[in-house]
Amino acid sequence: MSLRHAMLGLLAERPASGYDLMKRFETSLTNVWPATQSQVYGELGKLAKTGLLEVVAEGPRGRKEYAITAEGRAELRHWLAETRPERSHRNEALLRVFFLDLLTPLEAVAYLATEAERAAELRAELEQVGEKVDWDDGPLSVNGRLALEYGLRLRAMQEEWARWAAEQLGGAGAAESEAGKS
């Protein structure tokens, strides 16, 4: 359901073609809600059919420019203000933490170190996104910077936690090894 709202939100700023929307996804929403070209074009058709978008211009090679309708704005506002975001309760990486005792201490620490490295890589990717975007004072830029900062802080916390957890298990593994020698 959120692809629909992502597209309505992008079109609330200004009309766009499917190609333009793909470019806007790539420079703004791809780290929050990625979408493929087929998904975007399919959703444009659905949104137009339901009256949430309208075709405001047609160009060569079947190019269509879409704009949000009043009904589309009402749906977007309803989604933003009156519904609760769906939160995923599944996290496979964290699920594995519950069973780290089934690995050797070295394997468990290695798993956590890999998770820390992955979080650091993702944070670095987000930092690159922040450097590449041509930020301005428009709402998409202001809100995009807020979302980017969330991602940066989340990845930094995940990295810090994974390193801390590895230390906890590394210390416990060393203590167990020493106890086994006695």
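Val55 stands opposite Tyr66, and Tyr66 is in strand β3. Strands here are DSSP E runs of at least two residues, helices are H or I runs of at least four, and both are numbered from the N terminus. This is a predicted model, where local features need pLDDT of at least 70 and side-chain atom pairs count only at pLDDT 80 or more, while totals for chains, interfaces and linings use all residues. Residues are numbered from 1 along each chain as its sequence is written, and side-chain values use heavy atoms, with hydrogens and water left out.

Back to the sheet. Strand β3 covers residues 64–68 and runs antiparallel to β2, with 5 bridges joining the two. Two strands count as paired if DSSP finds at least two bridges between them. The sheet is open, has 3 strands in the order β1-β3-β2, and its pairing is antiparallel. Its edge strands are β1 (16–17) and β2 (53–58), each of which pairs on one side only. Helix α1, residues 2–13, packs on this sheet and touches β1, β2 and β3. Touching means contact, that is, heavy atoms within 4.5 Å. The direction of α1 makes about 95 degrees with that of β3; axes are lines fitted to C-alpha atoms, for helices over the stretch in contact, and angles run from 0 to 180 degrees between N-to-C directions.

Now the charged side chains. How many salt bridges does the structure hold? There are 11, counting a side-chain nitrogen of Lys or Arg within 4 Å of a carboxyl oxygen of Asp or Glu.

I will take three of them. Glu159 and Arg123 meet with N to O at 2.6 Å. Glu159 lies in helix α7 (residues 139–181) and Arg123 in helix α6, so this pair ties together parts that are 36 residues apart in sequence. Buried or exposed, what is Glu159? Glu159 is buried, at 13% relative accessible area, whereas Arg123 is partly exposed at 22%. The cut-offs are under 20% for buried, over 50% for exposed and partly exposed in between, with a 1.4 Å probe and protein chains only. Arg123 and Glu159 also belong to a network of salt bridges with Glu127 and Arg163.

Next, Glu121 and Arg118, whose closest N and O atoms are 3.7 Å apart. They sit 3 residues apart in helix α6 (residues 105–132), so about one helical turn separates them.

Last, Arg153 and Glu149 form a salt bridge at 2.8 Å between the closest N and O atoms. These two are 4 residues apart in α7, again about one helical turn. Arg153 is exposed at 58%, and Glu149 is partly exposed at 35%.
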